[in-house]
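Visitor: I would like a close look at one part of this model, the ligand site. Please set out the surroundings before the contacts.

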Amino acid sequence: MSDHCGPAEPAGVAVAGRRRIALVGSPNSGKTTLFNALTGLRAKTGNYPGVTVTRYQGVAETALGPVVLEDLPGTYSLTAISPDERIVAGVLDPADDSQDTPDALILTLDATTLRRSLRLAAQVLRADLPVCVVVTFTDELTRRQGRLDLAALGRALGVPVLAVVGGRRQQLGELRELLGGPATWSRPLVPPPLDAEAVSGWVDSVLASAGYAAPELDARTRRLDAVLLHPVGGTVVFLATMFVFFQTIFTLAAPVQGLIETGFAALGDQVRASIGVDWLAGLLADGVIGGVGGVVVFLPQIALLFVLISLLEGVGYLARAAFLMDRVMARAGLEGRAFVALLSSFACAIPGIMATRTLPSTRDRIATMMGAPLMTCSARLPVYVLLIGLLVPSDARVGPIGAQGLVMFGLYLGGAVSAMLTAWLFSRLGRSAGPALPFYMEMPPYRLPSARSVLLAVYDACRGFLAKVGKIILGTTVVLWLLLNLPAPSDAELARAGVDPADSSAVASYTIDHSLAADVGRAVEPVFEPLGFDWRINVGVLASLSAREVFVATMGQVAAATNPDDPSQALADLRVQDGPRAGEPLFTAPVLAALLVFFLYALQCMSTIAVLRRESGSWRWPAIAFTYLFALAWTMALLARVVVGAVT
Amino acid sequence: MSAPRPPVHAEAVPGRPSCARWVVPPGSLRLVGVPERVPAPLARLLDEGLLVHVEVEPAAVLLELAPAHTWAASGDVVRGALQDALTDPEGWVPADGDDPAREHLAAAAREVLAGEVGAYARSHGGSLELVAVHDGVVDVELRGTCDGCPAAGRTLEDRVLTAIRSLDPSVTAVRSVRPDAPSDRAGGRRLLPLVFRR
Ligand SMILES: Nc1nc2c(ncn2[C@@H]2O[C@H](COP(=O)(O)OP(=O)(O)OP(=O)(O)O)[C@@H](O)[C@H]2O)c(=O)[nH]1
Ligand SMILES: [Mg+2]
């Protein structure tokens, strides 16, 4: 799977023979931050519980050579209920043969929530493994007037204890030293108790010994939450943020996009001028540069989107959104955490589907998985920007507000509402599957994400986007180019059709019109005819089943072949070739609306289907999702065409 | 057992692997040293031969396990017995009947002066020595640079008081006395001064 937002499976490091040390700790206690600092990797972090839902491995250098470090999902307890927590319990259970038990554990304890974290510590310290405690968030503890004596905590727990704040390099030396030899770590003399009441006593006693003073409530967090957790205030702020964001997608990103476009156009001209072989020039200029370039121009928008997403995740807003939505979701029979999974799908449905692992109930998990593909993922962004550009002139305004951004906002909102309705519907259908479990989600204090972490997230997203363009999209584009240009017409055939073989643009149109792709596109015309799609759109829609951006690439190729000098104008000028509408412009407002709505609903992403299969355990749910989403997409697109046709 | 079990945890004792130092809530026991008698739950473990030694420290109980046993296996049983025994402070009978409460406070004071607070004074070129304990009041002598530094006196007293209170809540005051000051120890007993350099 080469999707840029593809699932991150345990990295394939050579594990054999090396010592393995696993990171365990409560959710949001800084495990992944520490993992990244020790291994130099860049696994995803974020200021909300449940960021990591799968196992990651990396190699960390220690005083005595490299060890394999394993990052695990956060858990409050080893008596697990949700699938991500079960991973941890399984890894720590020596009786579980399906997973290798690590040789030692690093236990992260968040100093600001030490009382709760120690309950997990009691369970972990009973496991028969060497444990080393890393206390995190001591910076925040001090800022909020809390106190903790690390040496006394170490004596009380009976294991090595040290503090590392946010994976800071200067503080890692001692830890690397320790990681070299877990066999020498001190082990608790008397393991902590097991039953809940006795554990509370143990925790009290340890905290008193360590001179622990819990931190005061974060004043900043309290003030912000007074607004953001207010049912009305919070919703208004959230919608306003989104609204402003979609304006910037068009105003801020457009000029940069224009620059990239000009660059690719110049490159295409250069290629056409300098390559003598006609078909090769065509493949490179129209296929590769016209198709792939057509997608790459949306890089600025992707970058902006990920700035927003990484900010939302980094400051701790996601947990609030879950809380705000919990009441709404509860009415739908779902819990707030499902909304976190849905919000994660703004980047891509795949992390969203993976995030459903934090949901304890299978019914909720399936219902949320069915909704996740409807959230507007970043792959839809290029399609939307292209189509909205054709539908709404860039200077159109509704009052002081740019109309393009408004339409985009509407599409995102439509996707989100549809996703929630779908999740609701599926959770209704599965009602009998089990009782709803109580919703519990910790709300972390607001934290300012470091510029570095935001930049890295954006950089990774952009790199992933380009990698996807370079692999899937380049591949499908080349195949499409072949399909669009084969069979090559003979001169005799051209003569018969009355096309002058010297007029290259006329030949190109004729070739495309009689290509294999055209045959396919025409073959499915009965299905899409009611939506106003012609065979060219059909080819784009079919090709976009591999990845949505391919639609943009296809349109780019068609445009580059018809009018190499001004591809963006070429799309607007496309005309319907046959049928009752022959001669009319192809991209009329009703057709564009139908296309937008179709892309809002249809499940055109092989990676998502593959992940649905893996996470749900069978082909049944991906098949259901594909079918119902296609039916929904078709119906809603028809509706959009009729409605827009009626008002314009 | 209806009374809530007091919170405890065990710490290792350097050099004595069969011993566990069970930290108990301060003030739960009013004696130090090896008790004459302990409450039934603990006495039973002594009789059964699981435990071989019980010794009370300020806010802690030192328990030694018989050689054949391990803390990993017996920890839960001993913990339960100790917690039950702690709910019955009267059942802990001190060995000699002198004044167990005062000895507890004196031991707490000694532990504090030998610990972090004493180290703090020494790092400033002075030293703190225990002079007397009476009626919940601890008299401490300031020596070296501490002596004659009135600013240090107050804060140091506060620190000592807080630290002692965390081991023995019955302490009411810490007073610093000058080496030359007239003796004000009515009812108090002169204690052997402790010298802190090791
Ligand atoms: N102030 C401060 N922030 C920290 C520290 N350690 C981590 N963070 C931040 O806390 C947030 C959570 O960190 P993660 O590393 O994602 O936590 P995690 O334990 O992997 O969380 P899950 O994967 O959800 O279980 C991130 O925003 C980090 O930047 C620390 O010591 N101090
Ligand atoms: Mg993590």
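Visitor: Into which domains is chain A divided?

Guide: Chain A is divided into domain 1 (3-216), domain 2 (233-429) and domain 3 (468-647), with bounds from an automatic or database domain assignment. This is a predicted model, in which local features need pLDDT of at least 70 and side-chain atom pairs count only at pLDDT 80 or more, while totals for chains, interfaces and linings use all residues. Residues are numbered from 1 along each chain as its sequence is written, chains are lettered from A and ligands numbered from 1 in the order in which they are written, and side-chain values use heavy atoms, with hydrogens and water left out.

Now the ligand site. Ligand 1 is surrounded by 22 residues (a residue is near if one of its heavy atoms lies within 4 Å). The closest are K31(A), T32(A), T33(A), T52(A) and G166(A). Helix α1 (residues 31-39) of chain A gives the largest share of this shell, 3 residues; helices are DSSP runs (H or I, at least four residues), numbered from the N terminus. By type, the shell holds 7 nonpolar, 13 polar and 2 charged residues, with Gly counted as polar.

Next, the polar contacts, pairs of N or O atoms within 3.5 Å. An N or O atom in the side chain of T33(A) is 2.6 Å from an oxygen atom of ligand 1. From the backbone, an N or O atom of G30(A) lies 3.0 Å from a ligand 1 oxygen atom, and a polar atom of G74(A) is 3.2 Å from an oxygen atom of ligand 1. Of the 660 Å² of accessible area that ligand 1 has on its own, the protein covers 88% (Shrake-Rupley method, 1.4 Å probe).

Methods
Polar contact = N/O pair within 3.5 Å; in protein donor to acceptor, adjacent residues only side chain to side chain. Helix = DSSP H or I, 4+ residues; strand = E, 2+ residues; numbered from the N terminus.
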